[in-house]
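Colleague: Please take one part of this model and go through it closely, residue by residue where that helps. I would like the inside of the fold and what surrounds it.

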Amino acid sequence: MMRSKLMNLVPRAVATTSRQMSTATKLTTVQVDDKTGIATLTMNRPPVNGLNLELLRDIHQSIEEIEGNKSRGLILTSSNPTIFSAGLDIFEMYKPDKERIRAFWTALQDVWLALYGSSVPTAAAINGHSPAGGCLLATSCEYRVMLPKYTIGLNETKLGIVAPKWFMSTFESVLPRRLAERALNQGRMFTTEEALAVGLVDEVANSKEEAIAKCAQFIGTFAKVNPLARALTKQQLRAEELKQLEDERVQDLEKFIFFVNQPAVQKGLGIYLESLKKKATK
Ligand SMILES: CC/C=C\C/C=C\C/C=C\CCC/C=C/C(=O)SCCNC(=O)CCNC(=O)[C@H](O)C(C)(C)COP(=O)(O)OP(=O)(O)OC[C@H]1O[C@@H](n2cnc3c(N)ncnc32)[C@H](O)[C@@H]1OP(=O)(O)O
């Protein structure tokens with residue numbers, strides 16, 4: 001897979017406008033800035049960018065498109081003004097349909113393999129809350145810029161569920177081990193300011209536009225670096241985690257199906273969904 005991605009590393013021609021590359025997908029858009037050659041992938045599934053099967057498939061398709069169109073980098077962001085992504089759509093896991101939940105988890109694996117293993121430089125413009133699966137997407141990128149007064153983290157234990165190993169190793173690739181372990185066990189959500197202090201995000205910006213500009217600046221730092229050497233370096237650094245999931249995809253899926261169907265887990269998810277609804281009616 002990486003071999004074919006590496007074939008795409010010939011720099012693209014530089015023009016002066018911005019083009020919408022993909023409108024075929026409904027829940028994501030890809031906009032390539034023809035001046036910088038950087039693609040912005042925007043998630044657009046109201047109300048909270050809950051990662052359901054369709055959104056995950058569209059994100060995957062958009063990443064593949066960006067890999068294929070010789071973009072110089074990928075910036076992941078959201079069209080929602082206050083939420084980057086609320087993480088996995090809990091309705092996919094609560095009283096799940098037998099076939100659909102398999103497709104759902106497989107699509108999540110696809111997205112992570114494509115994003116974490118992307119051959120192009122990646123950055124997240126985190127323009128809102130980013131719990132759980134939202135945090136997974138952000139930490140799969142190489143750089144993070146976040147807006148003030150939001151939260152980010154892996155809060156799974158608070159929901160009575162367990163973040164899979166690859167969620168944890170992604171988190172741990174950003175945070176020091178001791179801090180990552182404590183935060184995972186606590187299900188801790190970090191405010192923007194706390195996330196900056198511990199290095200969970202790299203910079204804070206005051207608007208989405210500024211966040212995207214800072215992400216573009218980060219991607220620009222590779223302008224004078226040989227793209228093949230950069231991609232191979234990234235690939236080697238991330239190879240172990242990628243290989244682990246590639247090798248254990250089926251077992252990972254079965255473990256998820258077994259775990260999520262446990263009565264205690266279903267009960268916990270039901271209670272959590274109720275608490276979200278109650279919050280909305282307060
Ligand atoms: C031994 C075991 C070994 C291995 C384990 C194997 C397998 C592991 C098994 C499972 C692992 C799963 C990993 C899970 C990852 C996840 O991502 S779980 C999802 C976690 N997400 C959250 O907890 C976020 C919850 N949402 C919020 O905190 C807030 O909604 C928000 C901060 C994102 C936004 O707040 P507001 O702007 O105030 O919006 P509302 O809260 O009013 O929400 C609007 C609307 O959206 C619904 N909603 C919110 N989040 C979700 C969601 N994640 N899924 C589905 N629906 C969601 C919310 O209920 C509101 O709905 P309505 O009331 O308008 O109908």
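**The core and the strands around it**

Modeller: The largest nonpolar core has 74 residues, and those that touch the most other members are Ile-75, Ala-123, Ala-125, Ile-126, Val-145, Ile-152 and Cys-215. Helix H4 (residues 98-116) is the greatest contributor to this core, with 10 residues. The model is predicted, and local features need pLDDT of at least 70, side-chain atom pairs count only at pLDDT 80 or more, while totals for chains, interfaces and linings use all residues. Residues are numbered from 1 along each chain as its sequence is written.

Some terms are needed here. A nonpolar core is a set of buried Ala, Val, Leu, Ile, Met, Phe, Trp, Tyr and Cys residues joined through C-beta atoms within 7 Å. Buried means that 20 or more other C-beta atoms lie within 10 Å of the residue's own, exposed means 12 or fewer, and partly exposed is in between, with C-beta atoms placed from the backbone. Helices (H or I, at least four residues) and strands (E, at least two) are DSSP runs numbered from the N terminus. In soluble globular proteins, nonpolar side chains tend to be buried together.

The chain has 12 helices and 10 strands, and buried residues make up 43% of its 282 residues. Two residues are in contact if their C-beta atoms, placed from the backbone, lie within 7 Å. Of the contacts in the chain with a separation of 6 or more, 72% are between residues 24 or more positions apart.

Ala-125 gives an example. Leaving aside neighbours within four places in sequence, Ala-125 is in contact with Ile-75, Thr-77, Val-145, Lys-208, Ala-211, Ile-212 and Cys-215. Thr-77 belongs to strand E4 (residues 73-78). Thr-77 is buried because 21 other C-beta atoms lie within 10 Å. Not counting residues up to four places away in sequence, Thr-77 touches Thr-40, Thr-42, Ala-125, Asn-127, Lys-208 and Ile-212.

Two strands pair if DSSP finds at least two bridges between them. E3 and E4 pair in the parallel sense over six bridges, and Thr-40 has Ile-75 as its bridge partner in E4. Six of the six residues of strand E3 (residues 38-43) are buried, so the strand is largely enclosed by the rest of the structure. In a regular strand the side chains alternate between the two faces of the sheet. In E3, Ile-38, Thr-40 and Thr-42 lie on one side and Ala-39, Leu-41 and Met-43 on the other, and both faces are covered.

On E3 there is also an antiparallel pairing: six bridges join strand E2 (residues 28-33) to E3, and Thr-28 has Met-43 as its bridge partner in E3. E2 and E3 form a hairpin with four residues between them, and Gly-37 in the turn has a positive phi of about 75 degrees.

Strand E5 (residues 122-126) runs parallel to E7, joined by four bridges, with Arg-144 in E7 as the bridge partner of Ala-124. Two bridges join E7 to strand E10 (residues 203-204), again in parallel, and there Met-146 stands opposite Val-204.

Pro-47 is in the loop between E3 and H2, and the peptide bond from Pro-46 to Pro-47 is cis, with omega near 5 degrees. The expected span of a helix is 1.5 Å times one less than its number of residues. For the 16 residues of H2 (residues 53-68) that should be 22 Å, which agrees with the 23 Å between its end C-alpha atoms. The buried residues of H2 include Leu-55, Leu-56, Ile-59, Ile-63 and Ile-66, and also Asp-58, His-60 and Glu-67. Lys-70, in the loop between H2 and E4, has a positive phi of about 60 degrees although it is not a glycine. Lys-70 counts as partly exposed because it has 18 C-beta neighbours inside 10 Å.
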